[in-house]
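This report goes through a structure one region at a time. The sequence and the model come first.

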There are 2 protein chains.
Amino acid sequence: MARPTLEAVAERAGVSRATASRVVNGGGSVREALRERVNRAVQELGYVPNRAARSLVTRRHDAVAVVVAESEDRVFSDPFFAQQLRGISAELTAADVQVVLLMARSGDFSKIARYLAGGYVDGAVVFSLHQGDALPSIAQDLGLPTVYGGRPDWAEGDEVLYVDSDNRGGARSAVEHLVAAGRRRIATITGPLDQTAAVDRLRGYQDALPDADPALIAEGDFTPEGGRQAMAELLARRPGLDAVFAASDLMASGALRVLRERGLRVPEDIALVGFDDVDTVAPWTDPPLTTVHQDIEGMGRLMARLLLRSLGEDGGNAVAPVITPTRLVVRNSA
Amino acid sequence: MARPTLEAVAERAGVSRATASRVVNGGGSVREALRERVNRAVQELGYVPNRAARSLVTRRHDAVAVVVAESEDRVFSDPFFAQQLRGISAELTAADVQVVLLMARSGDFSKIARYLAGGYVDGAVVFSLHQGDALPSIAQDLGLPTVYGGRPDWAEGDEVLYVDSDNRGGARSAVEHLVAAGRRRIATITGPLDQTAAVDRLRGYQDALPDADPALIAEGDFTPEGGRQAMAELLARRPGLDAVFAASDLMASGALRVLRERGLRVPEDIALVGFDDVDTVAPWTDPPLTTVHQDIEGMGRLMARLLLRSLGEDGGNAVAPVITPTRLVVRNSA
DNA sequence: GTGAAAGCGCTAACAA
DNA sequence: TTGTTAGCGCTTTCAC
């Protein structure tokens, strides 16, 4: 019943514990014959290294925390996170690194802080940070290697490692598309403006429309419900608007609901462009959503790879923030 | 930079390591004065126990695996899982037990098996099992205390611990509601019939409608898309049907889409009842969904509690499977 | 190339 | 009530 130890393997293979350890860890200098004997013993005994014992001596854990600064509900209901998480976890598990998923909004960071301080993980991937979130300073104080998803607002130099997409450029191209289609009163539903992605997308909108009527700007929160409310508000303020750029597909889907309830046709009466190109949403709305594509899963993979690299021997020389491109995908809503 | 050890705490407090350990672990007999000195030292040094060292000796990990036998995509996009996971994780983190979330469909179980065998966790909560899934036998071979969400198909005696809801009774009450409302051609969209929950709900339908036309039964897969397809098929087979019992809210939402596309009014032309009462779906469809309520989050909590108890000293005497009740919630769709 | 031995930080007998 | 001590299972110098 008791799990076999390295000692048992060594004994069975007729070698010392040290040699057995070398074989198990793929270490260098062991004669081929011995290596085989040890491997056979491992097989026969069904040996699996005791990770606690190992990390007690190596001080490594082969585990990283993936921290989402949103409530559990949000994380599990927003497909954007799902897609990003998929990318991260694919890359990490491929490298045989455990993933510990932590999530919390505001007050609950203490639990996460405690966990990170506990030293169970070698590094962290943190995303969906909001202005003022204490997480980064916690990680920094701990000296925990960290990669951020989305540019942190305090990211000045290239001290800090992050993966972001070209939010501003993407937003601008979306709005320019609307302008080119002859739309004149183009509103925008922004994300929560305490997030850089939301701010950057708003800037992109403003780049294309420097003199836009401020009443055409409504703040959402990246959720369908937020999109719904913002759309209703925009309609109340400027009934004559003829296009909307929503800073996320989910908000666009909420806006779409309002539009349909009001009997407004998309794109005939009002053109709608989203952002993200979330694979479970954008192609499936009615009508399918014209949106700004970003490689969400790829960004997740990238974050994971950056972290892995900065965990490496060299302490992660030659790793720097990455900005991934975006591109407009034209479907039927605009 | 190096994290303080218990040794350091002990020295600073002027006590032995053993005493320091007792204080840290809330152990019994330590004089109040010493206890305070130690706690102060812990504070000042910012001491956090090294979990690897601790579990090396205690052979406990204060961690459990939560295994969902579905693809990552499904897990992160199905609000049913979100709600269940919320319950589980609430209960577990309250007990200061780490949660390791593992998910995979079919082929990928090997990775999970390897993880469970690695002995990083004290137990497992497993749900959304399909017929023939190897997970249970893996857990059993490992002697890993396990609680299942949903009755496993091989659960005969009360050897196996699970939490399930009264699927059959709930389904029957849903269909009886339709019958009482005067519906005559009542179809059903089942879940994947390799899951007991799906089979039980189909049985409930048949309980209420022993002589139902087999063409009124279509198999879905608990996703909106599956519901869509099944609905389309039913309509093709029996254009005259006047009611549908969908075995999940998500499938009902898919069915609703088809109905709307065809210009069929709900409930006037076709009445629709769902199952689950998922909080982010059922109240928000158009029209709001009449559905069979089950306390999803509560079931999650229950699973966690059962596991925790069976992990306890007593080896979990007096723990037994639990069947939670369901009840019909009448909204507007039927 | 291989083995002996020294710990990693902690808990749990056992003594005192 | 407190301290001493013996490991938990593993990696990693350091000799050989």
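## Surfaces around the DNA

Around DNA strand D there are 27 residues, and those that come nearest are A:Leu6, A:Ala18, B:Ala18, B:Ser29 and B:Arg31; a residue counts as near a strand if its C-beta atom, placed from the backbone, lies within 6 Å of it. Two or more residues are given to this surface by each of helix H1 (6–13), H2 and H4 of chain A and H2 and H4 of chain B. Helices (H or I, at least four residues) and strands (E, at least two) are DSSP runs, numbered from the N terminus. The surface near DNA strand D divides into 13 nonpolar, eight polar and six charged residues. Ala, Val, Leu, Ile, Met, Phe, Trp, Tyr, Cys and Pro count as nonpolar, Asp, Glu, Lys and Arg as charged, and the others, Gly among them, as polar.

This is a predicted model, in which local features need pLDDT of at least 70 and side-chain atom pairs count only at pLDDT 80 or more, while totals for chains, interfaces and linings use all residues. Residues are numbered from 1 along each chain as its sequence is written, and chains are lettered from A and ligands numbered from 1 in the order in which they are written.

DNA strand C has 26 residues around it, with A:Ala18, A:Ser29, A:Arg31, B:Leu6 and B:Ala53 nearest. The largest share of the surface near DNA strand C, five residues, is that of H4(B). By class, the surface near DNA strand C holds 13 nonpolar, eight polar and five charged residues.

## Relation of the two chains

## Domains of chain A

An automatic or database domain assignment divides chain A into domain 1 (6–58), domain 2 (63–165 + 297–324) and domain 3 (167–295). The C-alpha centres of domain 2 and domain 3 of chain A are 28 Å apart. Their contact (C-beta atoms, placed from the backbone, within 7 Å) takes 14 residues from domain 2 of chain A and 15 residues from domain 3 of chain A. On the domain 2 side, helix H6 (79–94) and helix H13 (296–311) of chain A are the elements that give two or more residues.

Conventions: Contact = placed C-beta atoms within 7 Å.
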